[in-house]
Amino acid sequence: VRYDILHRFVAFLDRFAFVNEESLEEKEAIDPKILGYIFERAMTDAERKSTGAYYTPRAVTQYIAEQTVYPTILEKANNYLKEEKGYNEEELYDSVDEMIRKCRSLWDIRQKILVEDFRVVDPACGSGAFLLAVANILWDIHKRIGEQLGDSEADNDAWLKKLILRHNIYGVDVNHNATEIARLRLWLWLVDSFNRNNLEALPNIDYKIVSGNSLTGFADITQMKREGELSGQNNLAKWDERNIADLFREKNEKTTRYEEISGEEDDKIKNEIDELERSINTVLDDYYITWCKDNGVELPAEDIE
């Protein structure tokens, strides 16, 4: 009976093409954005109000993504060309399009800026509409740079999309179901470019798109240390004893490894990352509660949980 249900379910899904184009092999196409639509429609009014979840029209999402990505890449690229390559002010570029057409250091910009130094985080990502818009813009920029350089990798859409998911896209949302759908949408965006005769493992993006509250806690260790110094708290001793900076470094190294692997090693490293995360959160939560109390705010530990 279970096999029959599974067979019928797979047969139903096989009627559709999960793609971004309008049709493929005469199947009816399903755009990944439909997952976000289903998620939005499934939420009750009470859930929307309690989490601040409201639908953003696609045109608005696209506009925000464009106004975020293009100016930032241009600014970073111009700074790099000026400081590292010795460009004069007159030689800098007014647009990303002009830079792609004319820049002699395009390969360096792709590696140093697009891959190593460009990160986009949506602190309330919902089902991932903004991140998907950003990913598509970055993919288009990578394609155009590759074509300009005559790089064969420009034709490998799956490779480019994996590169973007691994290096550029981050999201947080208080709703766990939203982050699950955001991951799925990004995976479908990637799968759309896979060669059906040579399928690859999907990248692990569990620690790229995470469930959490972006409005509480410290932004980073530097802020935590600074606040401790300003308030004259002794709690920094506990921070130093636990070597939390080393814990963060170890976690980041394991997370990078986790993104590249699959199988049994995948589970092993994920357990190690989760254990490091628990150790880090124990110290951070304790410190944050103490800091809140010093500023006249009572914050019980169970509320943090």
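Me: Which residues of α13 are buried?

Reply: The buried residues of α13 are D266, I269, I273, D274, L276, S279, I280, V283, Y287, Y288, I289 and C292. Buried means under 20% relative accessible area, exposed over 50% and partly exposed in between, with a 1.4 Å probe and protein chains only. This is a predicted model, where local features need pLDDT of at least 70 and side-chain atom pairs count only at pLDDT 80 or more, while totals for chains, interfaces and linings use all residues. Residues are numbered from 1 along each chain as its sequence is written, and side-chain values use heavy atoms, without hydrogens and water.

Me: What makes H142 count as buried?

Reply: H142 has a relative accessible area of 1%. The cut-off is under 20%, so H142 is buried. Its place is in helix α7. H142 touches R110, L114, V115, L160, L163 and I164, leaving aside residues up to four places away in sequence. Contact means heavy atoms within 4.5 Å.

Me: Why are α4 and α7 called oblique to each other?

Reply: Helix α4 (residues 58–84) and helix α7 (residues 129–149) pack at about 45°, with axes 9 Å apart. Axes are lines fitted to C-alpha atoms, for helices over the stretch in contact, and angles run from 0 to 180 degrees between N-to-C directions. Under 35 degrees is roughly parallel, over 145 roughly antiparallel, 65 to 115 roughly perpendicular, and the rest oblique. The pair is therefore oblique.

Me: Which residues of α4 and α7 make the contact?

Reply: From α4, they include I64, A65, V69 and I73; from α7, F130, V134, I137 and I141 are among them. The contact residues divide into twelve nonpolar, three polar and three charged. Ala, Val, Leu, Ile, Met, Phe, Trp, Tyr, Cys and Pro count as nonpolar, Asp, Glu, Lys and Arg as charged, and the others, Gly among them, as polar.

Me: What span does α7 reach?

Reply: α7 has 21 residues and reaches 31 Å from its first C-alpha to its last, close to the expected 30 Å. Just after α7, G150 has a positive phi of about 70°.

Technical notes
Helix = DSSP H or I, 4+ residues; strand = E, 2+ residues; numbered from the N terminus. Expected span 1.5 Å × (residues − 1).
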